[in-house]
Amino acid sequence: MLAASDKLNVLRALPLDQPLAKTEFQKQLAKWQRRLNVASRDPRLKSLSVVCVFEGNDAAGKGGAIRRVTGALDARSYFNVPVAAPTEEERAQPYLWRFWRHIPRHGRFTFFDRSWYGRVLVERVEGFCKEADWMRAYSEINDFEGELLRRGGVVLKFWLAISKDEQFKRFKAREKIAFKRFKITAEDWRNRKRWDAYELAVCDMVDRTSTALAPWTLVEANNKYHARIKVLKTLTQAVEAALEGVGKSGSGRKAKKQGAK
Amino acid sequence: MFESANLDHRVDKATYRREEAKLREALLNAQYDLKENGRFPVLILIAGVEGAGKGETINLLNEWMDPRHIYTHAFFEPSDEERERPPQWRFWRSLPPKGKIGVFFGAWHTMPIIQRVNGEIGEAEFAHAIGEIVRLEKMLCDEGVLLLKYWFHLSRPQQKKRLRSLEKDPETRWRVTEREWEYFKVYKKFVKVCEPFLRKTSTGEAPWSWCRGATGVIARSASAGTCSRRCASGLTKSRSRGCPTRPRPCSRRATS
């Protein structure tokens, strides 16, 4: 839980600036959206459910990436869950309850814009819960995701990373452009002051919750085009691989066997 | 493991009547304290062998307490909606909120036990299920849930006698189906599976309580007694953690 003495970590090792021009982006977007759409119509999807988690720095482009994914899907097949402060009903329940209630049934996608990782990110950094509470959350989250995977769940986790300078540019642009102004609040500027604390929390989170079956995908997001294509491509390939696994060896067969009981 | 539950406990009617009044008052007090305080939920798990009075006890708890603040859930075969989600989903959607009491009849322990008895899962998968249950229950307790687990037990001859007498009475005949006799046939295997299960899932934060359910009376008073006592101690604990104190009406009896 201490930063490495040479300051190197999984986020700093990421080459955040990735080239991708707009024309190439549009070509790639059409290609991967088509593939995702075809995958989402596959009859084998009836024994799978897809859960996607989007986390990232403020202004990293989570919303935009989600919209490029849902743009490929039938509105009847997915559900978006924006995660903000818990409601009164949710506060009266154990922490993970408010995510369990949104777990999709088979054949459906659910996109969490921020997620159960709030406990080891914002709640840890802002001191909303005690150290013992966020410390035990890592293994609780691993158990929770393991439970999702047991019944044919496909779990994808994206961290959209931008540099501090890029965030500053985007904040300023949001303040200037009228139709983006709703996206920026004083809270965003306040969170920015805690950049280093968040960075440490993110690195701990990746170290402790990137499991073999539900790994984190770190997305270099200084270039929005690149970030969107990487998210779309990773998701599509994961769904396609899971479809191939249905009825065959490994988790797919297990899911089917358990489902039959 | 079931030695004390197998003893031939007896309570005469007069003692029962005297005890019942006290227990009912204590239980109701504890329930109102819990509701007023609203600091944590109470979750009661009811499990055990057939014919030991599990259902009767739940009905009695509902009768004795204020039914507006107690929710009972029986988990039978999963519905289509539940089958398409992880096994834990149906328990999560039924959890009681803070200040309320939930009663789970056949919770997360049922499936692994039955599957192990039927030989559908091996020792390794059973051990895995036990680990999952222990971690789930620990998490619930860490999140502030007061978890009370009751195991209703009968010895094999007791169970046989009980099922026979239920069958004889036209008013209780509906309670004994072929399924009960099928379970009776595998009694020895059932107990052999349950014994290590109970031992391993009886943890510091969520221990099992055993009751002998032959007459029902013991079971009821035992469960009501522990329940009210532990509710009260849970409240005291949460209060000492620094939540605002408020006077409680005659709850001393609950802790004695």
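Modeller: A salt bridge here means a side-chain nitrogen of Lys or Arg within 4 Å of a carboxyl oxygen of Asp or Glu. Residues are numbered from 1 along each chain as its sequence is written, while chains are lettered from A and ligands numbered from 1 in the order in which they are written. This is a predicted model, in which local features need pLDDT of at least 70 and side-chain atom pairs count only at pLDDT 80 or more, although totals for chains, interfaces and linings use all residues; side-chain values use heavy atoms, with hydrogens and water left out.

Colleague: With that rule in hand, how many salt bridges are there over all chains?

Modeller: Side chains of opposite charge can pair when their charged atoms come close. Over all chains, the count comes to 43 salt bridges, and seven of these lie across the interface of chain A and chain B.

Colleague: Which residue forms a salt bridge with Arg150(A) within chain A, and how far apart are the closest N and O atoms?

Modeller: The partner is Glu147(A), with 3.3 Å between the closest N and O atoms. Glu147(A) is buried at a relative accessible area of 3%, whereas Arg150(A), at 26%, is partly exposed. By these terms, buried means under 20% relative accessible area, exposed over 50%, and partly exposed in between (1.4 Å probe, protein chains only). Arg150(A) also reaches across to chain B, where its side chain meets that of Glu132(B) in a salt bridge of 2.5 Å, N to O.

Colleague: How should I read the interface of chain A and chain B as a whole?

Modeller: The size of an interface is often given as the accessible area lost when the parts come together. Between chain A and chain B the buried area (accessible area, 1.4 Å probe, that two parts lose on being put together, summed over both) is about 2,400 Å², and carbon and sulfur atoms give 50% of that. Contact (heavy atoms within 4.5 Å) joins 22 residues of chain A to 25 residues of chain B. There are also 15 residue pairs in polar contact between the chains, both residues at pLDDT 80 or more. A polar contact is a pair of N or O atoms within 3.5 Å; within protein, one must be able to donate a hydrogen and the other to accept it, and residues adjacent in sequence count only if both atoms are side-chain atoms.

Colleague: Which elements give two or more residues to the side of chain A that touches chain B?

Modeller: They are helix H4 (97-100) and helix H6 (131-150) of chain A, with H6(A) giving the largest share, six residues. By residue class, that side of chain A divides into nine nonpolar, three polar and ten charged.

Colleague: What does a salt bridge inside chain B look like?

Modeller: Arg162(B) and Glu56(B) form one, their closest N and O atoms being 3.3 Å apart. Arg162(B) is in helix H8 (residues 156-168) of chain B and Glu56(B) in helix H3 (residues 54-64) of chain B, so the pair ties together parts that are 106 residues apart in sequence. Arg162(B) is buried at 15% relative accessibility, and Glu56(B) is partly exposed at 25%.

Colleague: Is Glu90(A) buried or exposed?

Modeller: Glu90(A) is buried, with a relative accessible area of 12%, and lies in helix H3 (residues 88-91) of chain A. Leaving aside residues up to four places away in sequence, Glu90(A) touches Trp97(A), Arg98(A) and Arg101(A), and its side chain makes a polar contact of 3.0 Å with that of Arg101(A). Arg76(A), by contrast, is exposed at 69% and sits in the loop between helix H2 (62-70) and strand E2 (78-82) of chain A.

Colleague: What confidence values go with all this?

Modeller: The model scores ipTM 0.82 and pTM 0.84. For chain B, the mean pLDDT (the predictor's confidence in each residue, from 0 to 100) is 81, and 79% of the residues reach 70 or more. Residues 239-256 of chain B stay under 50, and for them the model has 25 contacts beyond four places in sequence.

Key: Helices (H or I, at least four residues) and strands (E, at least two) are DSSP runs, numbered from the N terminus. Ala, Val, Leu, Ile, Met, Phe, Trp, Tyr, Cys and Pro count as nonpolar, Asp, Glu, Lys and Arg as charged, and the others, Gly among them, as polar.
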